[in-house]
Amino acid sequence: VHPPSFQMEGSSLDRENCRAKGGAPGFKVAILGAAGGIGQPLAMLMKMNPLVSLLHLYDVVNTPGVTADISHMDTGAVVRGFLGQPQLENALTGMDLVIIPAGIPRKPGMTRDDLFKINAGIVRTLCEGIAKCCPSAVVNLISNPVNSTVPIAAEVFKKAGTYDTKRLLGVTTLDVVRANTFVAEVLGIDPREVDVPVVGGHAGVTILPLLSQVKPPCTFTAEEFSNLTTRIQNGGTEVVEAKAGAGSATLSMAFAAAKFADACMRALRGDAGVVECAFVASQVTELPFFASKVRLGRSGVDEIFPLGPLSEFERVGLEKAKKELKESIHKGVSFIRNA
Ligand code: NAD
Ligand code: LMR
């Protein structure tokens, strides 16, 4: 028997039923780690998204306050809070989309891999819950190190017999958001007009922006190419250092996660031509996982696009990225297989 969730709106169940009867698209979305630095602003952005009909906020601390606060927003989504492991199953049951920003963030001097020890176990537990309670949900995994936590999630789902490669996506949108911003700065144009594919993974040299494929088409000097690549690869560290011990990117990450979740939901409801970069099971390279442009559809990842023509600088970067990625993927897989 699981303790009930706390619910913050009087007539919320009626409203959910009405919405379902009316046939309006409404997705049931859970955020795991909802009281954290990313979780709170992400919860707010998801409460603002008209595609969300039910929003479950789960964390091991502080969800009553966050849920009460968010639930006062006069938007359509019904909000329910869930606190602690005994409520995990109720938080997950019936969800269409599960977003996971649970886990510790970096402090200055740390790599994302330094988070593995703690976050690997957190991701395992949460994914075991997903396999049991909402095995068909699309999963957006944010917790670092993404290059290892996505393989961990895949192994948990395989063990449970629920693995669907199309429904497990590591969130690398922040790399694209940063790349668009930094490139727009150099070009002196609006970042909303820029589209930079970022492939590989989500840590250091595994973050590989394809500046030769920027839209609108443009050219960079060799120095700009190199400086932009370095800045995009170090974007996370730039924020970690600026926050000086108070955590890593939270607001830009919540923005990126909300953008990515919105793309997933638009695709799930049947919109055509939804293309995003994500870290997924892939045959684009010899590695079992790789971030690249993917087309999202009604069942998750519908198509994975090849990398396209690379510059010499990018080809060298790709080899470096693959070397590190291989080890991070292996570490994640071994964590579950050798457990
Ligand atoms: P935070 O410490 O502010 O919040 C994390 C939350 O997770 C906390 O509220 C904590 O209580 C919760 N949590 C811990 N164990 C949990 C469990 N077992 N179940 C549910 N919730 C649990 O950290 P943050 O700044 O929000 O960052 C969260 C994670 O996201 C970190 O690992 C960070 O490195 C990662 N991150 C990833 C990206 C990306 O681009 N993919 C970007 C930024 C941060
Ligand atoms: C980021 O890119 O901002 C995140 O991965 C957090 C971090 O540790 O840099």
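For the sorting, Ala, Val, Leu, Ile, Met, Phe, Trp, Tyr, Cys and Pro go in as nonpolar, Asp, Glu, Lys and Arg as charged, and the others, Gly among them, as polar.

## Ground rules

This is a predicted model, with local features needing pLDDT of at least 70 and side-chain atom pairs counted only at pLDDT 80 or more, while totals for chains, interfaces and linings use all residues. Residues are numbered from 1 along each chain as its sequence is written, and chains are lettered from A and ligands numbered from 1 in the order in which they are written.

## Around ligand 1

Ligand 1 has 33 residues around it, the closest being G33, G36, G37, A102 and N144. Helix α5 (residues 116–133) gives the most to the shell of ligand 1, with 4 residues. Split by class, the shell of ligand 1 comes to 18 nonpolar, 13 polar and 2 charged.

## The chain as a whole

The protein chain has 11 helices and 12 strands. Its radius of gyration is 19 Å, close to the 20 Å from the globule rule for 339 residues, so the chain is as compact as a globular protein of that length. That radius is taken over C-alpha atoms, and the rule is 2.2 Å times the number of residues to the power 0.38. Along the principal axes, the C-alpha atoms fill a box of roughly 60 × 45 × 40 Å.

An unreviewed UniProt entry lists residues 172–335 as "domain: Lactate/malate dehydrogenase C-terminal"; the positions follow the numbering used here, feature names are shortened, and such annotations may be inferred rather than shown by experiment. That span is 48% helix and 17% strand, and its end C-alpha atoms lie 22 Å apart.

## Two helix pairs

Helix α2 (residues 39–47) and helix α10 (residues 251–268) have axes that come within 8 Å and cross at roughly 35°. The axes are lines fitted to C-alpha atoms over the stretch in contact, with angles from 0 to 180 degrees between N-to-C directions. P41, L42, L45 and M46 in α2 meet L251, A254, A257, A258 and A261 in α10; contact means C-beta atoms, placed from the backbone, within 7 Å. By class, this contact has 9 nonpolar, no polar and no charged residues.

Helices α6 and α11 (residues 312–337) pack at about 35°, axes 7 Å apart.

Most residues other than glycine have a negative phi, and most peptide bonds are trans. N144 and P145 are joined by a cis peptide bond, omega about -5°, and P145 lies in the loop between β6 (138–141) and α6 (146–160). Another cis peptide bond joins K215 and P216, with omega about 0°; P216 is in the loop between β9 (207–209) and α8 (222–233).

N62 has a positive phi, near 65°, and is found in the loop between β3 (52–59) and α3 (63–71).

Definitions and conventions
Two residues are in contact if their C-beta atoms, placed from the backbone, lie within 7 Å. A residue is near a molecule or strand if its C-beta atom, placed from the backbone, lies within 6 Å of it.
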